Amino acid sequence: MEKFKIENVGKLESISRLMVKEKIDSTGCEVSINNIPKGTGSQFIHSHKLNEEVIIITKGRGTIYVDGDEISISEGSLIKLAPSVKRGFSASEDSDLQLICIQAAENSLTQATREDGIINREKASWFK
Ligand code: ZN
C-alpha cells in the first residue's frame, strides 16, 4: 500500500455522500463527507456496534436526533456519539446540512498529537 495518497474530489458541497477511505485507502478510521439537502433527512435511526462517531458540521443548519431528543445543529457544531447512541440527521427547511463524520473504535485513541508526533529535521521550501 502507498505510504501517502492525495486525491482532490472537488467542491465538497457537490458531494452527496463520499467515503474518504475509498479514495485514499486510510486504515485507522473511516471518514465520510455528507450533504443532506434542505428539507430532507436520514430515513432511519442508527447506532453502531464498536465505532464512536465524531461529527463536524461544516455548513448549514439542521437537527440531530440523539436517543429520542432532537437538537438544533449548525456550522461549527462538534458532536461525539458513543456507539450505542441512536442517531439521525436532517437539514432545516431552508438550508442544506453538510457534515464530516469520522468513525473509529471507541477508546482506540491511546495517544494524541503531543505524545505521538515527532519533529523531524527536514526543511520544506516555505520555511524561512
Ligand atoms: Zn453511523
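S108 is partly exposed, with a relative accessible area of 41%. On this scale, buried means under 20% relative accessible area, exposed means over 50%, and partly exposed lies in between (1.4 Å probe, protein chains only). The model is predicted: local features need pLDDT of at least 70, side-chain atom pairs count only at pLDDT 80 or more, and totals for chains, interfaces and linings use all residues. Residues are numbered from 1 along each chain as its sequence is written, and side-chain values use heavy atoms, with hydrogens and water left out.

S108 sits in the loop between β7 (97-105) and α2 (113-116). Helices (H or I, at least four residues) and strands (E, at least two) are DSSP runs numbered from the N terminus. A polar atom of the S108 side chain lies 2.6 Å from the backbone oxygen of A105. Such a polar contact is a pair of N or O atoms within 3.5 Å; within protein, one must be able to donate a hydrogen and the other to accept it, and residues adjacent in sequence count only if both atoms are side-chain atoms. The C-alpha atom of S108 is separated by 22 Å from that of E22, 86 residues apart along the chain.

N107 is also placed in the loop between β7 and α2. Most residues other than glycine have a negative phi. N107, not a glycine, has a positive phi of about 65°. D67, in the loop between β3 (51-66) and β4 (69-74), likewise has a positive phi, near 50°. N107 is exposed, with a relative accessible area of 72%, whereas D67 is partly exposed at 47%.

The zinc ion is coordinated by H46 (NE2), H48 (NE2) and E53 (OE), at 2.0 to 2.1 Å. Donors are N, O and S atoms within 2.8 Å of the metal (3.2 Å for Na, K and Ca); water is not among the atoms, so sites may look incomplete. Along the chain the donors follow the spacing H-x1-H-x4-E. H48 is partly exposed at 22% relative accessibility, and E53 is buried at 4%.

R87 belongs to strand β6 (residues 87-91) and is buried, at 0% relative accessibility. Its contacts (heavy atoms within 4.5 Å), leaving aside neighbours within four places in sequence, include H46, H48 and E53, as well as F44 and Y65.

| Side chain | Backbone oxygen | Distance |
|---|---|---|
| S108 | A105 | 2.6 Å |
| R87 | A82 | 2.7 Å |
| R87 | P83 | 3.2 Å |

A search of the whole structure finds 0 disulfides, a disulfide being a pair of cysteine sulfur atoms within 2.5 Å. C29 is in no disulfide, and the nearest cysteine sulfur, that of C101, is 10 Å away. That distance is too far for a bond. C29 is partly exposed, with a relative accessible area of 30%, while C101 is buried at 6%.

The whole structure holds 1 aromatic pair. W126 and F127 form this pair, which is edge-to-face, with 6.1 Å centre to centre and 70° between the planes. Rings of Phe, Tyr and Trp (its six-membered ring) pair if their centres lie within 6.5 Å; planes under 30 degrees apart count as stacked, over 60 as edge-to-face and the rest as tilted. W126 is exposed at 65% relative accessibility, and F127 is partly exposed at 44%.
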